[in-house]
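I set out to look up several features of one protein, moving from single residues to the whole chain. My notes follow in the order in which I looked things up.

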Amino acid sequence: MVQELVADFLCVFQRHLSNSIFPILQPAIGVGSAFEGWAPHKNPIYCMFVPLKPPHGYSFNLEPEPVVELTRRNFRIRVCQECTCTVKRPAANVLCFLHHPEEELRRNRGPSLFYILCKGAYLDVEKIARWFQNFMKSVWKELPQSCCYKMQLQSSRRSCKLKLTNASESPIFIDLIFGMQQGDSDIFVSSQTSLDEPLTPSTSWPESCSIAEAKLFRRMAREAQSGSCHLNCLQLCAHIVEGTGFSTYTMKTIVMHLLATTPLSAWHRRYLLSRLKDVMQALHCCLEKKRLNHFFFGNNNVPVDIILPPGFREAEPINIYKRLAEDASLHAEALCDI
């Protein structure tokens, strides 16, 4: 239902805003635990990743920001105007942003993308979120789901969060996240930040592996034997660490490493307790070493059908537990939690 709703909305978007100066929304991709099959809560948040492409007359270019922490890379999306004088289009009057007078452009096309969705020359996450939220609010009645569900927009600076309710069912929570693909790879930059990064500038787009992760779990679902317990194992581990300093992403990273190095036949449900023991022992070992490697950086075990940007496989592994290695009190607290 969530996928159908978002697809219907994107169709309405295309109908209203085709040939406009707004970014072109690509088909949404389900990411996160709810779509990977291991949601640890009764009412999960359904995250849909909406890739952006530049409208006619513009280009989007990724620029890496200086690396502040080895565990995170941020990018900015520079917006550039392109010459369209030589582009053959059926429309009678196609104005070129670079070679037509500004007054004529304003009279015929209205404000440019820079005025509406940018801060300086860069796409502004918060402006895009507000624009998207306002558009969702204005066209909700056009969606067939509006007959069955009441929609409420939830407060969010960097995404579009929806709460859907009807007369008899539990609420459905949807989070629409925006981003841009890195080349032809499965790695994107994303509007989403982690919970401990509330002051991320509005022009910063953190690197995201969520689509590559979803692709990995879809691959495992195809190849795993009937009765595989890898999702049950991850779901149980996510429950186990609730209320501790361990994040569900920590458990997910450990399970991804084990999936890449343990035969799929060993994940049959009759081996569930053994695999749970493997996960918890791996977590304990990572804590003792103060090191948990990111799954997609410098890892030769990443399946070859997951497309990574140049240099990912050869890069130095990134330590997710870098803070534990630098802060003795945090490390002691983690050992207490385990």
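This is a predicted model: local features need pLDDT of at least 70, side-chain atom pairs count only at pLDDT 80 or more; totals for chains, interfaces and linings use all residues.

Cys80 has a relative accessible area of 23%, so I recorded Cys80 as partly exposed. Cys47 is at 13% relative accessibility and therefore counts as buried. Cys80 is accordingly in no disulfide, and the nearest cysteine sulfur belongs to Cys118, 10.0 Å away.

**Entry on positive phi.** Asn19, which is not a glycine, has a positive phi of about 60 degrees. I located Asn19 in the loop between helix H1 (2-17) and strand E1 (24-25). Is Asn19 buried or exposed? I recorded Asn19 as exposed because its relative accessibility is 66%. Lys290 also is a residue other than glycine with a positive phi, near 60 degrees. I found Lys290 in the loop between H9 and helix H10 (322-326). With a relative accessible area of 31%, Lys290 is partly exposed.

**Entry on a hairpin.** I looked next at strand E8 (residues 150-154) and strand E9 (residues 160-165), which pair in the antiparallel sense. Five bridges hold this pairing in the record of my search. The hairpin that joins E8 to E9 runs through five residues.

**Entry on helix H8.** Helix H8 (residues 248-261) has 14 residues. From the first C-alpha to the last, H8 reaches 20 Å, close to the 20 Å expected at 1.5 Å a residue. Which residues of H8 are buried? I listed Thr250, Met251, Lys252, Thr253, Ile254, Val255, Met256, Leu258 and Leu259. Their cover includes helix H2 (33-36), helix H6 (210-223), helix H7 (230-240) and helix H9 (272-289).

**Entry on the whole protein.** I closed with the totals. The protein has eleven helices and twelve strands. Of its 338 residues, 45% are buried. Among contacts with a separation of 6 or more, 63% are between residues 24 or more positions apart. The protein exposes about 17500 Å², of which carbon and sulfur atoms supply 52%.

Terms used
Residues are numbered from 1 along each chain as its sequence is written. Side-chain values use heavy atoms; hydrogens and water are left out. Two strands pair if DSSP finds at least two bridges between them. Helices (H or I, at least four residues) and strands (E, at least two) are DSSP runs, numbered from the N terminus. Buried means under 20% relative accessible area, exposed over 50%, partly exposed in between (1.4 Å probe, protein chains only). A disulfide is a pair of cysteine sulfur atoms within 2.5 Å. The expected span of a helix is 1.5 Å times one less than its number of residues. Contact means heavy atoms within 4.5 Å. Accessible areas come from the Shrake-Rupley method with a 1.4 Å probe; for residues, only the protein chains shown count as cover.
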